[in-house]
Amino acid sequence: MDYYFLLMIALIISFYAQIKVSTTFNKYLRVPSYSGYTGREVARMILDRNGLHDVRIEPIGGQLTDHYDPRTNVIRLSSNVYNGNSIASLSVAAHEVGHAIQHAEGYFPLILRNNIAPIASISARFVWILIFLGFLISPVLLEAGIILYLAIVLFQVVTLPVEFNASRRALDQLDSGIVTSNEIGPAKKVLSAAALTYVAATLVAIGQLLRLISLSDRRN
């Protein structure tokens, strides 16, 4: 099997996903919501509606840097989302609250991802060093690098249901009196475009893993 071809396809999908999320986000960033609520206000509204009064909301620099930190119980929203009242702003804010709700409910895929995250982070630091040394010194090091890379792939795979579920929760919350029925469609487009980036990242990780396994077989 031509693993290089599969990896190339995955990279093309990844490139498309990055363009898609950027263009979709920027498009609906210019479309104000009917309610006029800001992302911060919507996030606070949904949190309070679900009894998560202790979750804080903070601004963060950059664009599309929005995330929920389960360690500190803080939702961080980029400036365009925190202060913005666009469809894109409300969609992203609601998505991050979706993660906070997952955390509060003990959503298993999120717990699993949080447990894998430190291992995947350590693996990302050393995996390519081991693979490089594996080609120079010993195939054992190459195999060790592949094992580390498996943690990265597993993290990406587990991330998919977490992100899709958070988006579903976001749409349910937005459709409960926050946005109009005409705005749900655009909100879904924003969240679907964002989800595509996670699908692409998973495909790239799997493609890279298959390539490394192929190289290891040749090395042996």
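Phe-5 counts as exposed, because its relative accessibility is 51% (exposed means over 50%, buried under 20%, partly exposed in between, with a 1.4 Å probe and protein chains only). Phe-5 sits in helix α1, residues 3-29. Helices here are DSSP runs of H or I with at least four residues, strands are E runs of at least two, and both are numbered from the N terminus.

The model is predicted: local features need pLDDT of at least 70, side-chain atom pairs count only at pLDDT 80 or more, and totals for chains, interfaces and linings use all residues. Residues are numbered from 1 along each chain as its sequence is written, and side-chain values use heavy atoms, leaving out hydrogens and water.

With Leu-6, Met-8, Ile-9, Leu-11 and Ile-12, Phe-5 forms a nonpolar surface patch of about 540 Å² accessible area together.

Now the loops. Leu-64 lies between β1 (56-60) and β2 (67-69). Leu-64 is not a glycine, yet its phi is positive, about 55°. Leu-64 counts as partly exposed, because its relative accessibility is 39%. Asn-73 lies in the loop between β2 and β3 (74-78). Asn-73 also is not a glycine, and has a positive phi of about 60°.

Next, a helix pair. Helix α5 (residues 108-136) packs against helix α6 (residues 139-174) at about 150°, with axes 7 Å apart. That angle makes α5 roughly antiparallel to α6 (over 145 degrees; under 35 is roughly parallel, 65 to 115 roughly perpendicular, the rest oblique). Axes are lines fitted to C-alpha atoms, for helices over the stretch in contact, and angles run from 0 to 180 degrees between N-to-C directions.

Technical notes
Patches are made of residues with over 30% relative accessible area and no salt bridge: like charges are joined within 9 Å, nonpolar side chains (Val, Leu, Ile, Met, Phe, Trp, Tyr) within 5 Å. Accessible areas come from the Shrake-Rupley method with a 1.4 Å probe; for residues, only the protein chains shown count as cover. A salt bridge is a side-chain nitrogen of Lys or Arg within 4 Å of a carboxyl oxygen of Asp or Glu.
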